[in-house]
Amino acid sequence: MKKILITGGAGLIGSHLCKRLVSEGNFVICLDNFFTGNAKNIENLTKYSNFKIINHDIILPFDEKVDEIYNLACPASPVHYQKNPVKTIKTSVLGVINMLDLAKKYNAKILQASTSEIYGDPLIHPQPETYWGNVNTIGLRSCYDEGKRCAETLMHDYHNEYGTDTKIVRIFNTYGPNMARNDGRVVSNFIIQALKDKPITIYGTGSQTRSFCYVDDTVEGIIKVMNSPFSGPFNIGNDKENTILEFALIIKKLINSQSKIIFEPLPQDDPVQRRPLLKLAKEKLNWEPKVSLENGLQKTIEFFKSINTPE
């Protein structure tokens, strides 16, 4: 039985990762300060003796002997990470240092959940892991983008200087059950608006593209990176691309919604294109996403129906 620490374990990806690793017989510690994570996402795991929840902020040191660390802790939606930008960047820098120090102390493997946001508004499409990015250092999104970029640097330097077994995954847009209702991102916004027959709000013209990966596929990719001999970074996401307008129309159709589509100004530094090149993950990890957009969205819609989203 491995002892595995998952920071941010009550979030979307973290909660599904906790469930998967508990079901495989590992002892899992979920570390979360519940700033954006939701205790309801993991409450069904508390009945298992090989699962433990600790309320803790990784900006502060943490000490427990573990075999593996999945560091997922950090607000990931612009609504939340822009609310407290200093705390966001502290989580990505001080928090990662604390987790790396823990890994170094106990010779544990550590995986950093990085992000497609490190590519910024990309000038190369699709984005390979070799691309350095096009990022504004002083924009509204910088606390998150640059924090995650610095976290990758720290992972790389701990590996080189101390021999720490580090892994980096660059996670692209992920969706599925346990998404927060108020995270302000396109999947939850569109579904909630469509379920209520309220106007679906598109920022910009809707011609900007995104690639959406169902959470089970993301979790599988993350676990494959942790168990591989490679440090990465690896892109983990879906390489099938849709415009935001196409995406809104798909959701309308699946829900049979009467919502109208309205357009608002595009936020600062919002990327025009975002799609991962998955060649490395396919070759080195034998991983690629399996769940179709329609099937994944249907499961996500059922989740939002089940939680009876309020007005």
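This is a predicted model: local features need pLDDT of at least 70, side-chain atom pairs count only at pLDDT 80 or more; totals for chains, interfaces and linings use all residues.
Colleague: Which residues of H5 and H7 meet?

Modeller: On the H5 side they are Val 186, Val 187, Phe 190, Ile 191, Ala 194 and Leu 195, and they meet Ile 244, Phe 247, Ala 248, Ile 251 and Ile 255 of H7. Sorted by class, the residues of this contact between H5 and H7 are 11 nonpolar, with no polar and no charged ones.

Colleague: How does H5 cross H9, and which residues of the two helices meet?

Modeller: The axes of H5 and H9 also come within 10 Å, crossing at roughly 60 degrees, and these two helices are therefore oblique to each other. The crossing in which H5 passes H9 is right-handed. From H5, the residues Val 187, Ser 188, Ile 191, Ile 192 and Leu 195 meet Leu 297, Thr 300, Ile 301, Phe 304 and Lys 305 of H9. By class, this contact of H5 with H9 has 7 nonpolar, 2 polar and 1 charged residues.

Colleague: At what angle do H7 and H9 pack?

Modeller: H7 and H9 pack at an angle of about 60 degrees, and their axes lie 11 Å apart. That angle makes H7 oblique to H9, and the crossing of H7 and H9 is right-handed. In this contact H7 contributes Phe 247, Ile 250, Ile 251, Leu 254 and Ile 255, while H9 contributes Leu 293, Glu 294, Leu 297, Gln 298 and Ile 301. The classes in the contact of H7 with H9 are 8 nonpolar, 1 polar and 1 charged.

Colleague: How many residues of H5 are buried, and what covers them?

Modeller: A residue counts as buried when its relative accessible area is under 20%. In H5, 7 of the 10 residues are buried, and the helix is mostly covered. The buried residues of H5 are Val 187, Ser 188, Phe 190, Ile 191, Ile 192, Gln 193 and Ala 194. Their cover includes strand E7 (174–175), strand E8 (200–203), H7 and helix H9 (293–306). Just after H5, Asp 197 takes a positive phi of about 60 degrees.

Colleague: Is Asn 71 buried or exposed, and which residues does Asn 71 touch?

Modeller: Asn 71, which lies in strand E4, residues 68–71, is buried, with a relative accessible area of 2%. Leaving aside residues up to four places away in sequence, Asn 71 touches Thr 7, Ile 58, Val 96, Met 99, Leu 111, Gln 112 and Ala 113.

Colleague: How many disulfides are there?

Modeller: A disulfide is a covalent bond between the sulfur atoms of two cysteines. Taking a pair of cysteine sulfur atoms within 2.5 Å as the rule, the count comes to 0 disulfides. Cys 18 is in no disulfide, and the nearest cysteine sulfur, that of Cys 30, is 4.5 Å away. Cys 30 likewise is in no disulfide, with the sulfur of Cys 18 as the nearest one. Cys 18 counts as buried because its relative accessibility is 0%, and Cys 30 counts as buried at 0% relative accessibility.

Note on methods
Residues are numbered from 1 along each chain as its sequence is written. Side-chain values use heavy atoms; hydrogens and water are left out. Contact means heavy atoms within 4.5 Å. Helices (H or I, at least four residues) and strands (E, at least two) are DSSP runs, numbered from the N terminus. Ala, Val, Leu, Ile, Met, Phe, Trp, Tyr, Cys and Pro count as nonpolar, Asp, Glu, Lys and Arg as charged, and the others, Gly among them, as polar. Buried means under 20% relative accessible area, exposed over 50%, partly exposed in between (1.4 Å probe, protein chains only). Axes are lines fitted to C-alpha atoms, for helices over the stretch in contact, and angles run from 0 to 180 degrees between N-to-C directions. Angles under 35 degrees count as roughly parallel, over 145 as roughly antiparallel, 65 to 115 as roughly perpendicular and the rest as oblique. A crossing is left-handed if the near helix is turned anticlockwise from the far one by less than a right angle, and right-handed if clockwise.
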